[in-house]
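Thank you all for coming.

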Amino acid sequence: MEIRIVTLSENTANYGYLAEWGLSILVEADGLKILMDTGLSFSAVHNAQLLGIDLATIDRIVISHGHPDHTGGLRDVLTIKGEVEVIAHPDIWAAKYARREHQTAEYCGIPFTREELEKYGARFNLKREPVYITDNILTTGEIPISSGYEEIEENFFIKEGKESRPDFLADDLALIINTEFGLVVILGCAHRGIINTLRHAQNLTGQKLIYAVIGGTHLFRASEERLAKTIADLKEMGIQRLGVSHCTGFHASARLAQEFKDAFFLNNTGTRLTLP
Ligand SMILES: [Zn+2]
Ligand SMILES: [Zn+2]
């Protein structure tokens, strides 16, 4: 199987493209074009045009979770595409809020209503379980917390009426492509933990070898201890290509670059990959 991956929007950019905090990655495999996330605003659509990619030809949209830096470009993409299946976890529609240090809570969910997006053509397929797009391409569904050292941040919560409860990001999912050379895993933000995500991908597919990991790793606030454990676990998985994006942060990126040498790269806006 040949897989082509183009990053349409990320926090940083190759020459000529627009960058903004967020993520949008187009994956072509098994004869399908799957758009994973849509960036924060118009950068994904803008960059797709520059890259010569016609978003009217995409076959599915997968939303990694409900935060606006992954869903803000949805309406613009739908304007071009029209009717399309949008695969996600039902909690993407929870009333998500974030509390940042010394600030009042701010809305941190999808910046559109479901009705509005449906009017633009979104056909939501909301499942807690993995969704099989083809025999070899699936979403993780809800990711169990198994590693024992990856914690979910405490600054996210969900409002329900006058009450609020912690948001454990149950909606956070990844896209898995099961190939003859191992798994290719596309991460959104990896709020549930990169190792939890990869272990779940291994369990779902029965494939232990992970060939490539591309996308947001959420290591930007990771402690030295967590980073060391993450690196050890990643090495055990046999990763050949590690393309980090978005919420990885400078420090974790530098550590991973040191450890993974030629396997490592910064997966930023405009990066095109063909695997294997
Ligand atoms: Zn997020
Ligand atoms: Zn994010």
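I will go through the metal sites and then the strands and helices around parts of them.

Please keep in mind throughout that what you see is a predicted model. Let me start with the zinc ion that is listed as ligand 1, which is coordinated at 2.1 Å by His65 through NE2, His67 through ND1 and His191 through NE2. If you follow these donor residues along the sequence, their spacing reads H-x1-H-x123-H, and both histidine 65 and histidine 67 are buried.

From this ion, ligand 1, to the other zinc ion, ligand 2, the separation is 3.6 Å. Which residues of the protein hold the zinc ion of ligand 2? Its protein donors are Asp69 (OD), His70 (NE2), Cys189 (SG) and His246 (NE2), and they lie 2.1 to 2.4 Å from the ion. The angles among the four donor atoms run from 87 to 160°, and the site of ligand 2 is irregular. Why does it get that label? Four donors would count as tetrahedral if all angles were between 85 and 135 degrees, and the range for ligand 2 reaches 160°.

Along the chain, the donors of ligand 2 follow the spacing D-H-x118-C-x56-H. Within this set, cysteine 189 and histidine 246 link distant parts of the chain, 57 residues apart, with the cysteine in the loop between strand 13 and helix 5 and the histidine in the loop between strand 15 and helix 7. Cysteine 189 and histidine 246 are both buried.

Those strands bring me to the sheet, which is open and is formed by six strands in the order 9-12-13-14-15-16, with mixed pairing. Strand 9 and strand 16 are its edge strands, each pairing on one side only, and neighbouring strands are turned by 15° against each other on average, direction ignored. Inside the sheet, strand 13 and strand 14 run parallel and are joined by five bridges, with isoleucine 186 standing opposite isoleucine 214 in strand 14. Helix 5 lies across strands 9, 12, 13 and 14, running at about 140° to strand 13, while helix 7 lies across strands 15 and 16, at about 150° to strand 16.

Finally, please look at strand 5, residues 84–88, which is largely enclosed by the rest of the structure because four of its five residues are buried. Strand 5 runs parallel to strand 4, with three bridges between them, and parallel to strand 8, with five bridges. In these pairings, valine 86 is the bridge partner of isoleucine 61, and isoleucine 87 stands opposite asparagine 125 in strand 8.

Definitions and conventions
Residues numbered from 1 in each chain as written. Chains lettered and ligands numbered in written order. Predicted model: local features only at pLDDT ≥ 70, side-chain atom pairs only at ≥ 80, totals over all residues. Heavy atoms only, no water. Donors = N, O, S within 2.8 Å, 3.2 Å for Na, K, Ca; no water. Tetrahedral: all angles 85-135°; square planar, octahedral: opposite > 155°, others 65-115°. Helix = DSSP H or I, 4+ residues; strand = E, 2+ residues; numbered from the N terminus. Buried < 20%, exposed > 50% of the residue type's maximum accessible area, 1.4 Å probe, protein only. Pairing = 2+ DSSP bridges. Axes fitted to C-alpha atoms, helices over the stretch in contact; angles between N-to-C directions. Contact = heavy atoms within 4.5 Å.
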